[in-house]
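Hello,

Here is the structure I promised to pass on to you. Have a look at it first, and then read on for what turned up.

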Amino acid sequence: QGGNNAGHTVVVDGKEYDFHLFPSGIINPKAISFIGKISLELVLTSSTTGRVTATIVYGLKDWEKRLIISDRAHIVFDFHQAVDGLQEVQRQAQEGKNIGTTKKGIGPTYSSKAARTGLRICDLLSDFDEFSSRFKNLAQQYKSMFPTLEIDIEGQLKKLKGYAEKIRPMVRDGIYFMYEALHGSPKKILVEGANAALLDIDFGTYPFVTSSNCTVGGVCTGLGVPPQHVGDVYGVVKAYTTRVGIGAFPTEQINEIGDLLQSRGHEWGVTTGRKRRCGWLDLVILKYAHMINGFTALALTKLDILDVLDEIKIGVAYKLGGKRIPYFP
């Protein structure tokens, strides 16, 4: 994963599930679901439902026994989410445009991680006094950067202490867990990615990207799986192209075609509720995604949305300075 900024809508037996952090395998009573080290927002935000309790609403039985959380996962705090919103306001004021983040605190959490001031699940579950003092330091850093930021430090710590006991039974050493899964009795292991290749922090349409590696390398860095264990790689692609938020989109249709794809395809961001921008399938970016990920197969979805069209168009090449180019610029 990369955090709960990604929303996955999964329909099973006519029942619709909206997942943000849970692997969608949580629906399957025979599967063990594992949240790896870069998976961030661990039910610790102020949202009244909290992602874990929200799952109970779906009537999933015994999901707690099927969920494992890596002890190395970073934690998204309420102030990370607040800062995410403040940064977007700042960008809008300074540059006249923002990035279009989901305001889920993912960018600020990765900033804390890169600055080595982030806090992880293992910190939360070990010495709480030590955790508290590091939490206070981190909160103070953000308050000095954003004077309007209000943080209820004691209230937060009280809540976090409660959460710690709730999730303690689910937390394991994630690296050893994956090692055992790979080398123990034969298992089928499916890794579910979040976000799209063009949102990858390194390979996407920077700066309109997420903060994690959502390309295939994320399997190794996110789970501690050695590259030789990565088998088949399935690229999931719609029969048309969509995008939530700002960023380059050469095949976008800002017309009745785009409106049709949007309404027939129910193209709303699961996390934000924003309309997705829609356009014809862009084979240049699909080929680019394949260059990076090395797909062994493609899962092409939503072909039926195009059923009502007499003519279907596909983006086949880009021109730069009047010349066709063989790569994604």
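A search of the whole structure, which is a predicted model, finds 13 aromatic pairs. One of them is formed by Phe22 and Trp63, in an edge-to-face arrangement with 5.7 Å from centre to centre and 70° between the planes. This pair links distant parts of the chain, as its two residues are 41 residues apart. Phe22 sits in the loop between β2 (15–19) and β3, while Trp63 sits in the loop between α1 (51–57) and β4. Both Phe22 and Trp63 are buried.

Elsewhere, you can pick out one aromatic cluster, made up of Phe77, Phe79, Phe128, Phe131, Phe135 and Tyr142.

Now to the sheet. Three strands form an open sheet in the order β3-β4-β5, and their pairing is parallel. β3 (33–35) and β5 (171–172) each have a single partner strand and stand at the edges, so one side of each is left without a neighbour in the sheet. As background, strands of a sheet pair through backbone hydrogen bonds, either parallel or antiparallel.

Which residue of β5 is the bridge partner of Ile69? That partner is Val171.

Finally, look for helix α7 (residues 174–183): this helix lies across β3, β4 and β5, and runs at about 140° to β3.

Enjoy exploring!

Best wishes

Definitions and conventions:
Residues numbered from 1 in each chain as written. Predicted model: local features only at pLDDT ≥ 70, side-chain atom pairs only at ≥ 80, totals over all residues. Heavy atoms only, no water. Pairing = 2+ DSSP bridges. Helix = DSSP H or I, 4+ residues; strand = E, 2+ residues; numbered from the N terminus. Contact = heavy atoms within 4.5 Å. Axes fitted to C-alpha atoms, helices over the stretch in contact; angles between N-to-C directions. Phe/Tyr/Trp six-rings, centres within 6.5 Å; stacked < 30°, edge-to-face > 60°. Buried < 20%, exposed > 50% of the residue type's maximum accessible area, 1.4 Å probe, protein only.
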